[in-house]
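Hi,

Here is the structure for your files. My notes follow below it.

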Amino acid sequence: NVLLEVKGLTAVVADSGKEILRGVDLVIRVGEVHAIMGKNGSGKSTLSKVLVGHPDYEVTGGTAMFKGENLFEKVPEERSHAGLFLSFQSPIEVPGVSNMDFLRMACNARRTALGLPELGPLEFYGFLSPKLAALNMDPSFLDRNVNEGFSGGEKKRNEILQLAVLEADLAILDEIDSGLDVDALRDVASAVNGLRRPGNALLMITHYQRLLDYIKPTYVHIMEAGQIIKTGDTSLASQLEAGGYKAIRDLAG
Ligand code: ADP
Ligand code: MG
Ligand code: MG
């Protein structure tokens, strides 16, 4: 029941050769929630982008198996169709494409990859409506262009809606808590919790313990200088909050 197994992963910035990931090891099993914490610049976003195949980075060593298959042999689109999802720290705007069309396209691409028939507009609306309701989102939201003029909270909610539509097996949420006030954070977190299934897993990247009060992780990892230097349970996040990264570094020895 291992979903993702990363071993000794090293990666560089493609155009400069600057090394960012320096040997990352990570195992995520179905049903688990993992949190990666770490200072700005420690390589958290790079790890998530390398896993989904972002072209800015080049893998120079190590392996990543997702559902028993080599992730690095797949193009980004295939990784997504295989059930890997990454939310964006700064979601992009897609002018001229309605949210509804965008979500239906994404959903049908995944269904096609799974050998399922595509959903027509009406069927898709039936599939989407309860998910929208669960997220406390107004249906008028679907007529707007992707992320255009969305508030920070709306963008995050939209990402979770995308995740709900794609029914990913492993969702990586990179700073899904950034820029959210407490109420929006609670909404987004409860929506994320509502998407948890025995068969899927979650990897959350965050600076703050606050998010982990709402979405309880099975494991907390601390990343520093391109490596996971310590793994523990939620008490690690509390230690971090109390003593800062130095306390964790001392613990890691
Ligand atoms: P985090 O998400 O933990 O804040 P990042 O993964 O974004 O860290 O960045 C890790 C380090 O790699 C930083 O020093 C950052 O400046 C550098 N880096 C990341 N992506 C690039 C890039 N495309 N080009 C140059 N440097 C990069
Ligand atoms: Mg950062
Ligand atoms: Mg980051």
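A residue counts as near a molecule if its C-beta atom, placed from the backbone, lies within 6 Å of it. By that rule, the residues around ligand 1 are V13, K18, I20, G38, N40, G41, S42, G43, K44, S45, T46 and D56. This is a predicted model: local features need pLDDT of at least 70, side-chain atom pairs count only at pLDDT 80 or more, and totals for chains, interfaces and linings use all residues. Residues are numbered from 1 along each chain as its sequence is written, while chains are lettered from A and ligands numbered from 1 in the order written.

**Ligand shell.** Two residues are nonpolar, seven polar and three charged. Here Ala, Val, Leu, Ile, Met, Phe, Trp, Tyr, Cys and Pro are nonpolar, Asp, Glu, Lys and Arg charged, and the others, Gly among them, polar. Helix α1 (residues 44-52) gives the most, three residues. Helices are DSSP runs (H or I, at least four residues), numbered from the N terminus.

**Helix α4 (residues 121-134).** Its 14 residues should span 20 Å at 1.5 Å a residue, and its end C-alpha atoms are 20 Å apart, which agrees. The expected span is 1.5 Å times one less than the number of residues. One of the 14 residues is buried, so α4 lies largely in the open. Buried means 20 or more other C-beta atoms within 10 Å of the residue's own, with C-beta atoms placed from the backbone. N136 follows α4 and has a positive phi, near 60 degrees.

**Contacts of L170.** Beyond neighbours within four places in sequence, L170 contacts L3, L4, I28, G83, L84, F85, N200, A201 and L203. Contact means C-beta atoms, placed from the backbone, within 7 Å.

Best wishes

Note on methods:
Two residues are in contact if their C-beta atoms, placed from the backbone, lie within 7 Å. Helices (H or I, at least four residues) and strands (E, at least two) are DSSP runs, numbered from the N terminus. A residue is buried if 20 or more other C-beta atoms lie within 10 Å of its own, exposed if 12 or fewer, and partly exposed in between; C-beta atoms are placed from the backbone.
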